[in-house]
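Thanks for coming. I will take a few minutes to walk through one structure, and you can follow along on the screen.

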Amino acid sequence: MKLKNLIYALLIIGLGGFIAYRVISNKSKNEDSKKSGDKDKPTTVTGIVVKTSTFDNNLSLSGSIEANEQVEIHSEVSGIVEGIYFTEGTNVTKGQVLFKVNDIELRAQLRQAVTKEGLAGENQRRAKLLLQKEAISQEEFDVANADYASMQAQTQLIRAQIAKTSVKAPFSGKIGLRSISPGTYITPAVLVAKLVNTGKLKITFSIPEKYASEVKSGSVIDFGVSGSDKVYKATIYAIEPEVAVATRTLQVRAIADNMDGKLFPGTFADVKLPLNIIKDAIVVPSQAIVPVQSGKKVYIANMGKAKEIMVDATTRTDVSILVLSGLKAGDTLITSGVMSLKNEAPIKVKVKK
């Protein structure tokens with residue numbers, strides 16, 4: 001009886017073990033089959049068909065706006081301010097008298113010098129007559145002649161000093177705030193006001209040396225200023241003849257009209273510099289580019305699989321990048337999920353129109 005029960009127990013244990021083995025084996029096969037199926041399942045991605053287009057290559061730069069002409073007004077002589085003939089913040093014309101320094105002492109000196117000049121002239125005339133009669137020597141005549149010339153120079157010097165007491169505008173423009181009043185004792189060190197010509201403005205900016213050969217005098221640039229959506233235009237008229245060694249940049253200057261007076265010297269300008277226009281260019285979305293150690297790569301669809309292509313990419317904007325080589329028109333470029341793709345991975349592409 002005991003033997004019979006033992007045999008039954010062994011049979012039950014053996015049957016249970018067989019059933020457990022079959023269950024585990026079937027489960028393992030199902031998992032392997034599932035993994036194999038997942039591996040072969042294509043990844044859904046989006047893409048575009050590469051096309052060529054004309055690419056306007058613009059370089060974004062920062063510049064500064066400067067007055068076409070700007071000068072600090074000072075007096076060349078010291079003295080009491082006799083009169084001020086301009087209104088702060090208004091336009092003045094070239095040659096207009098801005099202020100006058102009292103010249104009473106200089107005019108007194110001028111009268112004295114004119115008297116001495118007349119006397120020296122008369123002495124020179126008499127000496128000449130005496131020389132012709134050989135009544136005096138050549139040396140005596142030369143002394144009289146030199147005295148006359150000296151007095152003429154003295155008179156001219158005082159006249160020049162008197163002229164400097166009337167300070168005139170060197171060019172037409174807008175004059176700023178004055179720092180003097182009538183009766184102020186002024187010296188050449190005192191800043192009276194600033195005169196600025198804002199009818200035209202200079203835009204100065206620097207470009208990287210690699211673009212130096214593409215900038216030409218006469219080219220038109222676009223620029224904007226903070227606080228305004230308006231796009232202004234300026235014409236390049238001067239280019240620095242050498243690249244700055246410290247920054248490896250080339251300084252460029254353009255000029256713009258400011259007839260409406262809405263641009264102010266001293267502000268920053270966002271400059272768009274047009275470079276060479278590229279025909280039949282390939283421009284792709286920035287998200288399609290994958291940076292790698294050896295450069296940049298993209299993925300294209302090839303027979304249902306992702307194909308890795310190395311590209312030479314250059315100028316970029318916020319949304320696109322210019323590809324110089326590696327892609328051709330008609331390629332289906334993958335634009336989504338590129339960071340997780342591998343070469344020869346199966347894909348299903350949804351092409352965007």
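I will go through a helix pair, then some strands, then a pocket.

One caution before the details: this is a predicted model.

Let me begin with the helices. Two packed helices are described by the angle between their axes and by how far apart those axes lie. Here the pair is α2, residues 104–132, and α3, residues 138–164. Their axes are 8 Å apart, and the packing angle is about 160°. Angles over 145 degrees count as roughly antiparallel, and α2 and α3 are therefore roughly antiparallel to each other. As for handedness, α2 and α3 cross in the left-handed sense. Sorted by class, the residues in the contact of α2 with α3 are 13 nonpolar, 10 polar and 6 charged.

Now the strands. Strands of a sheet pair through backbone hydrogen bonds, in either a parallel or an antiparallel way.

Next is strand β13, residues 268–285, which has several pairings to go through. With strand β2, residues 52–73, β13 forms 11 bridges in the antiparallel sense. In that pairing, S64 has F268 of β13 as its bridge partner. Strand β10, residues 220–224, also runs antiparallel to β13, and 3 bridges join them. There, F223 is opposite V271. Then there is strand β17, residues 320–325, which is antiparallel to β13 and joined to it by 4 bridges. At that pairing, P285 stands opposite S320 of β17.

Last, the empty space. Rolling a probe the size of a water molecule over the atoms shows where such space is left. How much space lies in the largest pocket? The figure is about 270 Å³. Its lining is made of 13 residues, and those nearest the centre are K174, V196, T198, G261 and F264. Which strand gives the most to that lining? That is β9, residues 193–208, with 4 residues. By class, the lining of the largest pocket holds 5 nonpolar, 6 polar and 2 charged residues.

That is the end of the tour.

How values were computed: Residues are numbered from 1 along each chain as its sequence is written. This is a predicted model: local features need pLDDT of at least 70, side-chain atom pairs count only at pLDDT 80 or more; totals for chains, interfaces and linings use all residues. Side-chain values use heavy atoms; hydrogens and water are left out. Axes are lines fitted to C-alpha atoms, for helices over the stretch in contact, and angles run from 0 to 180 degrees between N-to-C directions. Helices (H or I, at least four residues) and strands (E, at least two) are DSSP runs, numbered from the N terminus. Angles under 35 degrees count as roughly parallel, over 145 as roughly antiparallel, 65 to 115 as roughly perpendicular and the rest as oblique. A crossing is left-handed if the near helix is turned anticlockwise from the far one by less than a right angle, and right-handed if clockwise. Ala, Val, Leu, Ile, Met, Phe, Trp, Tyr, Cys and Pro count as nonpolar, Asp, Glu, Lys and Arg as charged, and the others, Gly among them, as polar. On a 1 Å grid over the protein atoms alone, a cavity is a set of points where a 1.4 Å probe fits but cannot get out, and a pocket is an open set with protein on both sides within 12 Å along at least five of seven lines; lining residues have an atom within 4 Å of a point. Grid points are joined across faces, edges and corners, and a volume is the space filled by probe spheres set on the points. Two strands pair if DSSP finds at least two bridges between them.
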